[in-house]
Amino acid sequence: MKHLSALTAGLTLALSAADRPNILFIFSDDHAPNAISCYPGGLFDEIAPTPGIDRIAKEGMRFDRSYCTNAICGPSRASILTGQHSHLNGFIDNNSSYFDGLQTTFPNLLREAGYTTAMIGKWHLHSNPVGFDYWEVLPGQGAYYNPDFIQMDNTRKRFEGHCNDLVTKKGLTWLKQAADSKKPFMAMVQYKAPHRNWAPAFRHLNVFDDVEMPEPETLFDDYANRSSVLKEHAMGIQGHMSWGNDMKFQGPNLFPSHFTGGQGNGQFRRLTDEDKKTYIEAYDDENQKFIADMRAGKLDQKAITKWKYQRYIKDYLAVIRSMDEGISKILKHLDDSGLAENTIVIYSSDQGFYLGEHGWYDKRWMFEESLMMPFVVRWPGKIKPGSVSKALIQNIDYGPTFLDVAGAKIPASMQGKSLVPLFKASGEKPDDWRDSIYYRYSGEATHHVAAHDGVRTSDHKIFWVPKTKEYQLFDMVKDPQEMRSVHKDPAYAKVFTEMKQELEASRKKYRAHSAIIGQPKEQDWWKKRHAAMNQKAKKPHDLLFIGDSITQGWEGSGKATWEKFYGTRKALNLGISGDRTEHVIWRLNHGNLKNQKKAKAAVVMIGTNNTGHNSQDPSEVKDGVDRIVSTIRARCPEAKILLLGVFPRGVNPDDPKRKNNVEINKLISKLHNGERIHYLDISDKFLTEKGVLTKEIMPDALHPKQKGYEIWAEAIEGKLKEFGL
Ligand code: CA
C-alpha cells in the first residue's frame, strides 16, 4: 500500500511537470509595429508582409498598447530579465552599464522551478548570460554577415551565412534537442534584425528594387509646437545617414555635406571577395544613378532626403524578411513535432523604431513609434485566436508572466505584473490593472537625445526633460502623431495637473528616486579626484575600499593604519568626500572598476551622507546600496563584497542621524547572502557601553581619527583573510 501511494505521488508529480507549458520567446531588435502586417496603421502591410509573425497573432492575441521602459537595446533586455525598470536593475544605457546576472531574473527562477533554459542570438548586456542551461550569443551588437557567436566556454566562433538564418538554425537545433528532455523548456531566440545597418540576407538584397515605398506624413517634421530640444537630435534621415554603412555606397564619401562618415561598412568587410562583388552589384545601378544625378545638380535637399528614406526603408524591411521566414520555420517545427499544443509562443522586439516619422530613424524619444514594442502571443486552448488587447502592458511584465505560466512564484522585486489574467480574458484587463506606464531614458552621447521620463495613459502622454526644464504633453486621441504639445494650452490645464501627478506617483511607485539614479558631481575637485582614481584603477588591485569621506580619510587620519594593514596588499581607495549612493553608482560605472576584474575583495561603507544632507529615506538608501553591491558583483566577478553597516554618527544613541543609520543598517543587512555578499556591522566597536561616540574616536561624531581607523582595520581583518587576502 505504502509502495503504491509513493508510486502514485511520483506519477502525479511527473504529470504536473509535463503539463507545464514550454515557453518560446522570439525577440528581435528595433522592430517597429508599423513594419508588422498584423498591426494596424503601418504603410507596408501589402508591400512587405510578415506572415510568420502574423500567424502568432492570428492564432493568438495581439497587444496594441505594449510599451518599453527605456527605448534602447540593452536596457529593454535587462528589464525583461529582471521585471524591473532600468534604474533598479542597473542597466540604464548601452554604454556605461554592465548587467549583473546574479540578480533575481526570470530565467534563473524558471530553472529553479524545473525548466530547461536556453538563450540564442543577440544578448547585448556585456556580461555573459546567467540562468541558462545553454547559451550561444552574439558579441555586443553582433554582425549580420558571417557573424561570430560567443560559446559557453567563452571562445568566439565564426559561422558562415546571414545572422537571421543562423539564429533560426541554432534555435531549431536546440528545440529539437530539448524535446528529448523530460523538463519543460524556456527558449529565448533573439534576432539581431532589423537593427542598424539593416543588412539583408543576400536572397533579399534586391527584393524591393521596383517598389516606391510610401512615406510617413511626418517625414519632414519641423518640430514646431514642441520643445526646441527635439531639433538637437542626431538621428535624422536628412542629416545623419552615413555614406558607406547606412546608405551602402562604396569608396570615399563624395558628398560630405549630405552624408556622414567615410567608407566604413563593417558588414561589407566581413564578406568573402566573391560575396563582395554580389553585394556591390546589388546596390550599384541605383548608387551610380544617384551619384550622376547629384553631379548634374538634379536633386534638391528634399529629393536627397527622399532618396535616403527609400534606401533606408527598403533595407530595413528586407532584413526583416529572412527573420520572418525563420519564425515561420520555427512555428512549423512546433507543428511537426507536436510541441505546438503545449508551447506558449511570444514575438516581441526590444522597442519600436522611427521609420521616417518625425524625420527620424532610431528610437529613444518617448514618442509612440519607439515607445511601442510589438507583442503577439499564442497559447493554444488558453488564448482565444484573433483576440486583441488594449491594456497597457510593459516589458517588465514578461518575467512575471513566464513565471506565472510555469506555476512559479513571482518575486516581490519584480515591478511588472503577470499577463496571464489578460490572456485568459481575451485581452480584457482586470479591474486593478494599471492606468499608466512609466518610461525613463537616461540619455547617451550617441544621437543627442536628452534624458527624459514620463508616463503614458490610454489617452495622454507627458514627459519631463530636465535639460530644458520643461514638460511635453500630448493628447493621444486627437493628436496620435504627437505634433503639438498642449502643456501650455489652457484647455488642458486640468489634464496637465493630473498627468504631472501621475508622473510623480509613478516615480514613487517604481522607486525612481535620487539615491539610485547615478549622478556625477559638478565641482572641479570632485571630477579631479574621480579622474585620479580612474588613473590608479588602470592597474589591477586585490582590495578595494569604496565609500565617502570616511573611506577617503584612509589618506588622512587613517594613513599610518592604511600603510600598516594594506600598504603591501595592492589596495585601492575609492572614497570621495561627501558622496552619496548616487555618486558612487555613477563612479563605479565610469571607470573606477574598469580593470578590477580580478579583485579579491571590496569593502563598501556608504549611506551616511544620504540621510545627512539630503534626507533620503532609509529604504531609498537601501536601494542605492543594493545597486552599488550589484554593480561590484558584476564588474568584479571574483570579488567578495564586505558590506559594512553605516558607521554610527552623532554623540548619543538618540541622535536622529544615528537612528537613521541604524534604520539603513537594518535594511542593508538583508543583502547578506554569505556567498558573494557579506554584511558586517562593526558600529559597536566605535561606541562606549552606553552607545556614546567619543571625541577620541570620532571628534566631529562622524569622521574617525587615527584610533577609529585602527578599530576599523582590526575589525575587518578576519574577514579579509577569509577572502584570501
Ligand atoms: Ca534595439
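**A loop with cis bonds, and beyond**

Guide: Let's start with P194, which sits in the loop between β8 (185-190) and α7 (266-269). Keep in mind that this is a predicted model. The peptide bond joining A193 and P194 is cis, and its omega comes out at about -5°. Follow the chain along and you meet another cis peptide bond, this one running from R196 to N197, with omega near 10°. N197 also belongs to the loop between β8 and α7. One more backbone detail to look at here is N225: its phi is positive, at about 65°, even though the residue is not a glycine. N225, too, is placed in the loop between β8 and α7.

Now for the calcium ion. Its protein donors are D29 (OD), D30 (OD), C73 (SG), D350 (OD), D350 (OD) and Q351 (NE2), at 2.1 to 2.7 Å from the ion. Written along the chain, the spacing of the donors reads D-D-x42-C-x276-D-Q. The site ties together distant parts of the chain: D30 is in the loop between β1 (22-28) and α2 (51-58), while Q351 is in the loop between β9 (343-349) and α10 (368-371), and 321 residues separate the two. As for geometry, ideal angles at a metal with six octahedral donors would be 90 or 180 degrees. Here the six donor atoms make angles of 51 to 145°, and the site of the calcium ion is irregular.

On to the helices. Two packed helices are described by the angle between their axes and the distance between those axes. Take helix α8 (residues 273-295) and helix α9 (residues 301-337) to begin with: their axes come within 12 Å and cross at roughly 170°. Angles over 145 degrees count as roughly antiparallel, so that is how α8 and α9 run relative to each other. From α8, the residues in the contact are Y283, E286, N287, F290 and M294, and they meet I304, W307, R311, K314 and D315 of α9. Sorted by class, the contact has five nonpolar residues, one polar and four charged.

Helix α14 (residues 524-536) and helix α17 (residues 581-592) cross at roughly 45°, their axes coming within 10 Å. This pair is therefore oblique, and α14 passes α17 in a right-handed crossing. On the α14 side you'll find W526, H530, M533 and N534, and on the α17 side H583, W586, R587, H590, G591 and N592. That contact divides into three nonpolar, six polar and one charged residue.

Last up are helix α16 (residues 559-566) and helix α21 (residues 706-722), which pack at about 20° with their axes 9 Å apart. That angle makes α16 roughly parallel to α21, and their crossing is right-handed. A560, T561, F565 and Y566 are the contributions of α16 to the contact, while α21 brings Q706, Y709, E710, A713, E714, I716, E717 and L720. By class, you get seven nonpolar, two polar and three charged residues where α16 meets α21.

Notes: Residues numbered from 1 in each chain as written. Predicted model: local features only at pLDDT ≥ 70, side-chain atom pairs only at ≥ 80, totals over all residues. Heavy atoms only, no water. Axes fitted to C-alpha atoms, helices over the stretch in contact; angles between N-to-C directions. Helix = DSSP H or I, 4+ residues; strand = E, 2+ residues; numbered from the N terminus. Parallel < 35°, antiparallel > 145°, perpendicular 65-115°, else oblique. Left-handed = near helix turned anticlockwise from the far one by under 90°. Contact = heavy atoms within 4.5 Å. Nonpolar A, V, L, I, M, F, W, Y, C, P; charged D, E, K, R; others polar. Donors = N, O, S within 2.8 Å, 3.2 Å for Na, K, Ca; no water. Tetrahedral: all angles 85-135°; square planar, octahedral: opposite > 155°, others 65-115°.
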